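Student: Hi! Could you walk me through this model while I have it open?
Tutor: Happy to, just ask away.

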Amino acid sequence: MENILQGIAASNGISIAKAFRLENAELTVLKESISDVSSEIDRLQIALSHSRSELATIQKQTQEKFSDQEAAIFSAHLLVLDDPELRAAITDMIQTQHVNAEYAVQEAANLYVSIFEAMDDPYMRERAADIRDVTKRILSHLLGVSIQTPEDITQEVVIIAEDLTPSHTVQLNPELIKGFVTDIGGPTSHSAILARTLEIPAVVGSKTAMATIQNGEIIIVDGEAGKIIVNPDAETLVAYQKKQQAFAKQKAEWQLLAHEPTITLDGHRVELAGNIGTPDDVESVLKNGGETIGLFRTEFLYMEKEQFPTEDEQFEAYKSVLKQMNGSATVVRTLDIGGDKELSYLQIPHEANPFLGLRAIRLCLDNEDMFRTQLRALLRASIYGNLRIMFPMITTIDEFRQAKEIFLDVKQQLISDKVEVNETIQLGIMVETPAVAILADVFAKEVDFFSIGSNDLIQYTMAADRMNENVSYLYQPYNPSILRFIKLIIDAAHKEGKAVGMCGEMARDETAIPILLGMGLDEFSMSASSILRARSQIKNLSKTALESQIDHILSLSTADEVLQFIKSLDR
Amino acid sequence: MIKKQFVFSNGEGLHARPAAQLVAAATPFKSELSLEYKEKKVNLKSILGVMSLGVAAGSTITLIADGDDEKEAMNKLEELLRSEGAED
């Protein structure tokens, strides 16, 4: 019988294949007493050396396939495996208590696991998982149980798993793994990001996939809707096969546009940029025809860690993005945290209205040391490309001046320390508050560029929390109030000869694109997977024709009237 | 035997990466190498031992080297700690 599960869409596309459950091996350890101590220690040594060569292979493969950074976790596993204290504790137990190696390994490891789990630092608590991972590997060799890995798969499948560990994901072979579904994880989890890089359709956070799906069942993964269809009936299967073919055909057509400029029917050129969260995302932006980076959300560097990323770690990330972009503009947004985004290691006082509270630039100006570390890392990396720095959630000119002053001070310090920096870094702001929109002409004189953050601009203009479902009807990108603001911002910037981009959801919206184009938006920044679709749309639009409609659009009364009018233009 | 004190000023404390580097640097030496922190002493060649101390940023640690190559070992470790932002 057909059964539909709902999860979180993690990677676009549709896949249809048999389910392959990636089980956690049953490693039951019994306490046994042994008489032959030396042969028990031999068994231990053999298991350790097998584990060691296995880990070394995975580490090497990861280094080749991905990067040193991805491989670092396995170097850590190797150090745990070779830990002299852990080994001494295991052999000591075998020798003095005459217990079997399995039991000794488990007991000795558990001791460390409990030490780490009791620590205050959440980062250290997570290290307990590393010890468990290594213990599992040793036990699997002692017990002669093989740990299933994606490498064992020999036919086309959809992987069903509780979660994919880093050692799983680096072994995924996109030739055979047509999609994956996990019970836990979110859209920014390690496995979701990797799925997008490998362009494998994926749904995460399904909660019940492992409990409901059996090996060999036919699975449809709809990576766009976040749906999993188990045992589809004939009708559904045909519908999805058509959808899959259409997706592939469309993708192939769009792919032809990957290296084309984005030029309208009447010869006007705009820039299509990519939004990224990590250096790994650049590859897919370039592959999908992104010309520049319009938004590098640096908060992921902070959110994926359990403590502040160091200046060097940030420097490496910024440098990597700039080098990959090879001289093309790269807009990096300074830390945008607060509101709905938290850092486990940064105490933000509880606020009744976090979206109206201490967030983004406000928080950075309040934690100047943290802000300076980020700016130092950015300035040091600036020599590797065309860096532009953008401050989020600016509300007043004073905030911008203060941020700029800190930037100039950090820059001066680096220069006097004889550190090379790029002299021509542009400083811009996100326009996401009505206060800035209405004063855009004044801001335009001081900043180098604007980028409209449509999601927040809508939320703050409509005074409607976008997380609150009761008022979600007020999230109206086409409301003339929003459109008038956008027009005001673009005109003000152009009057001062400054460029305006947009990096919110609206920039990739099929209805909004013609309006934005008509208003003269210079740069549209969006997720990599939307770029080619946007390019194919813009190539079939005429800027002058749309320009002449803007006055009428701005005179309409409601969002629905705007929507209907845009639809009528299509006909 | 050589004993030396350091202030571990690296912003993240003795976390996985610096701990792993320290252990990797210590392992090849014959001397007995240990790390003392808050009256607890662990084998510097043991990643689990070193990390289980939970050395926080800005705290004082003591390195102890004892054996034939204690001088070379201490020099090597000192160099590494310095590059990680420790001061003596």
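**A chat about the fold**

Student: Which residue of β7(A) does A:Ile16 stand opposite?
Tutor: A:Ile16 faces A:Ile220 there. Keep in mind that this is a predicted model.

Student: How many bridges join those strands, β3 and β7 of chain A?
Tutor: There are 5 bridges between β3 (residues 14-21) and β7 (residues 218-222) of chain A, and the two run antiparallel.

Student: What is the strand order in the open sheet of chain A?
Tutor: The order is β1-β8-β7-β3-β4-β5-β6-β2, which makes 8 strands with mixed pairing. At the edges stand β1 (3-6) and β2 (8-11) of chain A; each has a single partner strand, so one side of each is left without a neighbour in the sheet. From one strand to the next, the twist averages 30 degrees.

Student: And which helix packs on the sheet?
Tutor: That would be α9 (residues 234-255) of chain A, which touches β3, β7 and β8 (227-230). The direction of α9 makes about 120 degrees with that of β3(A).

Student: Let's zoom out. How many helices and strands are in chain A?
Tutor: Chain A has 24 helices and 17 strands.

Student: What radius of gyration does chain A have, next to a compact globule?
Tutor: Chain A has 27 Å. A compact globule with 571 residues would be near 25 Å, so the value for chain A agrees with that. The C-alpha trace of chain A spans about 90 × 70 × 45 Å along its principal axes.

Student: What share of chain A is buried?
Tutor: Of its 571 residues, 52% are buried. As for surface, chain A exposes about 25600 Å², with 49% of it supplied by carbon and sulfur atoms.

Student: What about sequence separation in the contacts of chain A?
Tutor: Take the contacts between residues at least 6 apart in sequence: 67% of them join residues at least 24 apart.

Student: Is α20 of chain A mostly covered or mostly open?
Tutor: Mostly covered: 8 of the 8 residues in α20 (residues 512-519) are buried. Among them are A:Ile513, A:Leu516 and A:Met519. Just after α20(A), A:Gly520 takes a positive phi of about 95 degrees.

Student: Last one, chain B. How do β2 and β3 of chain B run?
Tutor: Antiparallel, with 4 bridges joining β2 (residues 32-37) to β3 (residues 40-43). B:Leu35 has B:Val42 as its bridge partner. The hairpin has 2 residues between the strands, and B:Lys38 in this hairpin takes a positive phi near 50 degrees.

Note on methods: Residues are numbered from 1 along each chain as its sequence is written. Chains are lettered from A and ligands numbered from 1 in the order in which they are written. This is a predicted model: local features need pLDDT of at least 70, side-chain atom pairs count only at pLDDT 80 or more; totals for chains, interfaces and linings use all residues. Side-chain values use heavy atoms; hydrogens and water are left out. Two strands pair if DSSP finds at least two bridges between them. Axes are lines fitted to C-alpha atoms, for helices over the stretch in contact, and angles run from 0 to 180 degrees between N-to-C directions. Contact means heavy atoms within 4.5 Å. Buried means under 20% relative accessible area, exposed over 50%, partly exposed in between (1.4 Å probe, protein chains only). The radius of gyration is taken over C-alpha atoms; the globule rule is 2.2 Å times the number of residues to the power 0.38. Accessible areas come from the Shrake-Rupley method with a 1.4 Å probe; for residues, only the protein chains shown count as cover.
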